[in-house]
Amino acid sequence: MYKLWSVFAALIISCTFAKAAEVITVPIYDQDRSPLSIIKNGQAHGIYPDLFREILIGAGLKPLLLPVPPMRRRIGFENQLYHLACCANPAWRARPREQEVQVFSKQFYWTKDMFIFPKGKSFEINKLSQLSDKLIATVRGFDYRGSEHFGEKVNFQNEATLMRALALGRADVGHS
């Protein structure tokens, strides 16, 4: 199964980037989602910010990746506070105003969904229906293809807390 991560590289129609090396503010996750996004001393690092930063630098822009809470990112984009936004899936952005102002680029990065097991407690998963009697650890806010086959679901704030919970045996399997 593949989680498709599209860059929410939306451009406001009335905005153009006239100058090379123009500073462009891009809202990014405000909480750690290690290894995807890591906030250290108020600065965004990790797979998403690092890839996005390099793409923008390659395009002749100076990115300022600003950690912003999710709803503030969405509303700020709708109100033209930001020209670009990183790391969203088109399916997550269906509000009417978002539909008016957004354009998605082709994805430049995708991840493969992984099942994570507590130490010494793995089992084979050939089809998702085998998870119907299992306690599944997931990351809050994400949708999982085939989740209708999951037994009970327990949500965690991020991948790090999911991993700690698995290490403590608080779920049969984690899905990330």
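Predicted model: local features only at pLDDT ≥ 70, side-chain atom pairs only at ≥ 80, totals over all residues.

Colleague: Why does R74 count as buried?

Modeller: Buried means under 20% relative accessible area, exposed over 50%, partly exposed in between (1.4 Å probe, protein chains only). R74 has 17% relative accessibility, so it counts as buried.

Colleague: What does the side chain of R74 make a polar contact with?

Modeller: The side chain of E98, at 2.7 Å. A polar contact is a pair of N or O atoms within 3.5 Å; within protein, one must be able to donate a hydrogen and the other to accept it, and residues adjacent in sequence count only if both atoms are side-chain atoms.

Colleague: And the aromatics: why is the pair of F117 and F123 edge-to-face?

Modeller: Phe, Tyr and Trp rings (for Trp, the six-membered one) pair if their centres lie within 6.5 Å; planes under 30 degrees apart count as stacked, over 60 as edge-to-face and the rest as tilted. By this rule the count comes to 2 aromatic pairs. The rings of F117 and F123 have centres 5.0 Å apart and planes at 80 degrees, so that pair is edge-to-face.

Colleague: What makes F123 partly exposed?

Modeller: Its relative accessibility is 24%, so F123 counts as partly exposed. The charged end of K134 also sits over the ring of F123, 4.7 Å from its centre; the rule asks for NZ of Lys or CZ of Arg within 6 Å of the ring centre and within 35 degrees of the ring normal.

Colleague: How do you know that the buried residues of helix 4 line one face?

Modeller: Those buried residues are E159, L162, A165 and L166. Seen down the axis of helix 4, they fall within an arc of 120 degrees, so they line one face of the helix; the arc is that of the directions from the helix axis to the C-beta atoms. On the other side of helix 4, R164 and A167 are exposed.

Key
Residues numbered from 1 in each chain as written. Heavy atoms only, no water. Helix = DSSP H or I, 4+ residues; strand = E, 2+ residues; numbered from the N terminus.
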